[in-house]
Amino acid sequence: MKRAILLLLLSASVALGQRPASKPRVIVCGWDGADWSLLDPLMAAGKLPNVGALVASGRTYDLASFQPMASPMIWTTIATGRTPVDHGVADFQETD
């Protein structure tokens with residue numbers, strides 16, 4: 001019975017857009033094809049004020065990538081947390 005009540009409360013908090021206090025919020029922003037060597041000068045020139053505000057109030061990191069750098073393979077890896085060998089997505093199309 002206690003488990004059912006806990007599950008009900010947790011479900012209600014998720015449905016109401018609230019989260020348990022012990023879970024920090026994390027937002028991963030990925031920009032396909034962007035690189036800090038491109039973004040940094042644009043932010044410094046004031047041409048990307050919203051990106052600059054996100055960077056100023058958050059955290060950035062240089063990530064290593066899988067080779068070849070094919071968007072479908074990389075974004076599927078980010079979304080699933082699995083390697084390309086595991087998820088099987090390698091390109092925009094599937095061949096028979």
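## Confidence in the model

Confidence in the chain is at its lowest in helix H1 (residues 2-15), with a mean of 53, and at its highest in helix H2 (residues 36-44), at 91. These scores are pLDDT, the predictor's confidence in each residue, from 0 to 100. Over the chain, pLDDT averages 77, and 78% of the residues score at least 70. Where pLDDT is low, the predicted coordinates should not be read in detail.

Residues are numbered from 1 along each chain as its sequence is written, and side-chain values use heavy atoms, leaving out hydrogens and water.

## The chain as a whole

The chain holds 5 helices and 0 strands, giving the pattern α-α-α-α-α along the sequence. Helices (H or I, at least four residues) and strands (E, at least two) are DSSP runs, numbered from the N terminus.

Of the 96 residues in the chain, 11% are buried. Buried means under 20% relative accessible area, exposed over 50%, and partly exposed in between (1.4 Å probe, protein chains only). The accessible surface comes to about 8,600 Å², with 61% of it belonging to carbon and sulfur atoms; such areas come from the Shrake-Rupley method with a 1.4 Å probe, and for residues only the protein chains shown count as cover. Among contacts with a separation of 6 or more, 17% join residues 24 or more positions apart, a contact being heavy atoms within 4.5 Å.

## Helix H4 and its two faces

Pro72, Met73, Ile74 and Thr77 are the buried residues of H4, and they pack against helix H5 (84-87). An α-helix has 3.6 residues a turn, so residues three or four places apart point the same way. Just after H4, glycine 81 takes a positive phi of about 75°.

Tryptophan 75 also sits in H4, but is partly exposed, with a relative accessible area of 33%.

Threonine 77 lies in helix H4 (residues 71-80) and counts as buried because its relative accessible area is 12%. Its side chain reaches the backbone oxygen of methionine 73 at 2.8 Å. Beyond residues up to four places away in sequence, threonine 77 touches Phe66, Arg82, Thr83, Pro84 and His87.

On the H5 side, histidine 87 is buried too, with a relative accessible area of 18%. A polar atom of the histidine 87 side chain lies 3.0 Å from the backbone nitrogen of valine 89. Setting aside neighbours within four places in sequence, histidine 87 is in contact with Met73, Thr76, Thr77, Thr80 and Arg82.

## A glycine in H3

Glycine 52 belongs to helix H3 (residues 49-57) and is partly exposed, at a relative accessible area of 23%. Its C-alpha atom is separated by 9.1 Å from that of leucine 42, 10 residues apart along the chain.

Technical notes. Predicted model: local features only at pLDDT ≥ 70, side-chain atom pairs only at ≥ 80, totals over all residues. Polar contact = N/O pair within 3.5 Å; in protein donor to acceptor, adjacent residues only side chain to side chain.
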